[in-house]
Amino acid sequence: MTKAEEKATQWLNAVNIDEDSKLEIQSLLKNPNNLEESFHLDLAFGTGGLRGVMGIGTNRMNKYTVGMATQGFANYLKQQFSTDIKVAIAYDSRNNSKLFAQTTADVFSANGIKVFLFEELRPTPELSFAIRHLGCQGGVVLTASHNPKEYNGYKAYWSDGGQLVPPHDTNVINEVKKIKSLDEIKHESNSDLIQSIGDTVDSAYLNMISDLSLSPDVVKSHSDLKIVFSSIHGTGITMVPQALQKVGFTNIHIVEEQKTPDGNFPTVVYPNPEEKEALSIALREAGKIDADLVMATDPDADRVGIAVKNSKGEFQLLNGNQTGALLVYYLLKKWDEKGLQGNEYIGKTIVTTELIREISKSFGTNCYDTLTGFKWIADMIRKKEGTEVFIGGGEESYGYMIGEKVRDKDAVASSVMIAEMAAWAKDQNLSVFDLLIQIYKEYGFYYEELKSITKKGLKGTEEIRKMMADFRTNPPSHLAGSKVNVVTDYLEGVKVHSSGKKDTISFPKSNVLQYLTEDDTKVSIRPSGTEPKIKFYFSVVSKLDNEDFFDAENQLKNKVHNLLNDLNL
């Protein structure tokens with residue numbers, strides 16, 4: 001009997017398995033390939049928690065794997081906190097998210113843990129806020145962020161409002177692994193311990209976002225800024241329009257075709273604001289009204305993508321690095337006007353543009369790097385709390401955070417701050433695109449591209465492992481004609497210089513490689529923590545003086561093309 005067959009049979013014989021699930025397992029046992037995919041592995045916490053395709057099996061998102069994760073989390077919480085344990089639970093618009101949220105609440109309450117359960121779908125950042133606001137020891141949000149509709153996920157949070165980091169993430173997984181039978185999951189819900197939450201937390205969250213405003217007078221002067229917003233069938237519709245209105249924006253055009261929450265995401269291929277296709281309806285609306293700004297959030301409203309008019313008068317999507325640089329520039333400009341004290345800092349991930357560091361440096365403000373995944377930025381804030389002040393920051397994958405009140409990327413607060421930045425630029429007779437060009441001219445034209453290669457299934461996992469091993473043992477000596485000066489291996493915890501000198505780096509171990517060349521080209525390689533992909537992040541830079549932006553951009557694009565060739569991609 002194979003490992004997958006053994007695990008499937010254990011589930012089949014469990015007392016708590018329902019009849020429909022039994023039929024699915026029996027069908028899988030007649031199909032070895034599908035059985036392997038469903039039962040060979042167990043879902044594990046990555047950069048975004050538990051995430052997988054929905055279906056039956058230990059390697060799938062279903063009420064049993066959600067139950068096991070929750071039972072393990074509950075066991076660990078009870079080890080760490082003696083009494084009066086509280087958790088908050090939220091969920092997004094995905095299929096089964098509400099069911100999985102109720103399952104999570106049932107298991108926690110069956111373990112004697114007080115549960116605050118959002119009565120309707122809400123953004124992930126509001127869950128992070130609620131944990132802190134309600135004094136919880138942990139929390140869970142059911143979401144798979146911007147993954148395709150077949151996916152769902154389970155993000156687990158600690159008492160600081162940040163996602164689990166070591167040792168907690170590993171310890172929770174170890175607790176889950178101790179559960180040998182589905183019958184060990186406590187399913188007997190205690191309704192006395194489950195409290196619905198909604199409007200009161202909403203109000204506190206919206207007040208917090210409103211208090212972040214740095215230019216209320218400018219917003220008042222440009223309250224009619226033409227904003228097109230799409231929630232892409234997700235949770236953003238519950239908070240983003242209200243947050244914008246609360247700070248004073250009055251001219252908000254909501255994309256009607258995408259405002260209804262729907263886990264099938266019927267108007268898009270992928271509900272990902274990084275994709276132009278997902279913003280196509282919003283862009284059409286923007287053209288009709290000659291909008292100043294287009295914004296779209298992903299299903300759980302932790303990421304936001306934007307589009308603005310370029311110098312040709314065409315709407316152009318900005319990537320996550322560009323929006324992040326604009327936000328950081330605006331934040332630091334306004335904080336500087338009010339008087340920086342010297343203990344403030346900006347946070348970003350190691351694969352995010354170095355333009356943010358250059359901007360921070362010009363304001364005399366520290367910019368700290370973390371590993372990929374916002375949980376590491378939250379962890380950094382927790383460690384620096386009381387000694388240094390987090391202004392804001394983000395990552396290239398369209399996630400940003402403003403201030404310290406929320407400890408996960410927050411597309412609601414970010415949308416408000418992006419709109420405020422656009423109003424501030426307009427107040428100086430600049431478009432958002434004009435402001436971006438101004439930043440490039442001052443700090444350098446940083447151009448980034450991401451290349452993702454999908455490798456599905458067990459075979460794909462092995463192919464990704466081999467690719468990483470090959471890049472690790474055979475690093476390139478030159479990239480796009482420039483000598484590789486430094487190879488940083490975050491798994492080995494070492495930075496190797498071309499001279500042979502080795503430096504130890506103080507990061508948690510992570511399967512990431514980074515090449516830095518003489519001309520400041522940066523290439524980062526890592527397997528995704530949430531999808532069956534290996535990712536290549538390219539960053540190149542040149543001066544932007546008076547030459548045409550698009551000509552300069554094409555030259556940098558050609559350089560990235562050469563990098564792809566050099567890496568045989």
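1. A residue counts as buried when its relative accessible area is under 20%. In this predicted model, Ser128 has 0% relative accessibility and therefore counts as buried. Ser128 belongs to helix 6, which covers residues 124-133. A polar atom of the Ser128 side chain lies 2.6 Å from the backbone oxygen of Gly161. Neighbours within four places in sequence aside, the contacts of Ser128 are Tyr157, Gly161, Val406, Arg407 and Asp408.

2. The largest nonpolar core has 106 residues, and the members that touch the most others are Leu244, Phe249, Met295, Ile359 and Tyr515. Helix 15 (residues 411-427) contributes the most to this core, with 12 residues. Another core lies apart from it and holds 47 residues, including Phe73, Leu77, Phe100 and Leu117. In soluble globular proteins, nonpolar side chains tend to be buried together.

3. Sequence neighbours within four places aside, Met295 is in contact with Ile227, Val228, Phe229, Ser230, Leu244, Val304, Gly305, Ile306, Ser415, Ile418 and Ala419. Strand 9 spans residues 293-297, and five of its five residues are buried. Leu293, Met295 and Thr297 point one way from the strand, while Val294 and Ala296 point the other way.

4. Strand 9 has partners in strand 7 and strand 10. With strand 7 (residues 227-230) it runs parallel, joined by four bridges, and Ser230 stands opposite Ala296. With strand 10 (residues 304-309) strand 9 runs antiparallel, again joined by four bridges, and here Ala296 stands opposite Gly305. Strands 9 and 10 form a hairpin with six residues between them, and Ala301 in the turn has a positive phi of about 55°.

5. An open sheet of six strands has the order 1-5-4-2-3-6, with mixed pairing. Strand 1 (50-53) and strand 6 (194-197) are at the edges with a single partner strand each, so one side of each has no neighbour in the sheet. On average, neighbouring strands of this sheet are turned by 15° against each other, direction ignored. Strand 3 (residues 114-118) pairs with strand 6 in the parallel sense over four bridges. Leu117 has Ser196 in strand 6 as its bridge partner; Leu117 is also among the members of the 47-residue core.

6. A four-strand open sheet has the order 13-12-14-15, and its pairing is also mixed. Strand 13 and strand 15 are the edge strands, each pairing on one side only. From one strand to the next, the twist averages 20°. Strand 12 and strand 14 are paired in the parallel sense over five bridges, and Gly347 stands opposite Gly393 in strand 14.

7. Helix 14 lies across strands 12, 13, 14 and 15 and runs at about 155° to strand 12. How many of the 11 residues of helix 14 (374-384) are buried? Nine are, which leaves the helix mostly covered. The buried residues are Phe374, Lys375, Trp376, Ile377, Ala378, Asp379, Met380, Ile381 and Lys384. Their cover includes helix 7 (168-177) along with strand 12 (344-349), strand 13 (366-370), strand 14 (389-395) and strand 15 (399-402). Just after helix 14, Gly386 takes a positive phi of about 95°.

Technical notes:
Residues are numbered from 1 along each chain as its sequence is written. This is a predicted model: local features need pLDDT of at least 70, side-chain atom pairs count only at pLDDT 80 or more; totals for chains, interfaces and linings use all residues. Side-chain values use heavy atoms; hydrogens and water are left out. A nonpolar core is a set of buried Ala, Val, Leu, Ile, Met, Phe, Trp, Tyr and Cys residues joined through side-chain atoms within 4.5 Å. Buried means under 20% relative accessible area, exposed over 50%, partly exposed in between (1.4 Å probe, protein chains only). Helices (H or I, at least four residues) and strands (E, at least two) are DSSP runs, numbered from the N terminus. Contact means heavy atoms within 4.5 Å. A polar contact is a pair of N or O atoms within 3.5 Å; within protein, one must be able to donate a hydrogen and the other to accept it, and residues adjacent in sequence count only if both atoms are side-chain atoms. Two strands pair if DSSP finds at least two bridges between them. Axes are lines fitted to C-alpha atoms, for helices over the stretch in contact, and angles run from 0 to 180 degrees between N-to-C directions.
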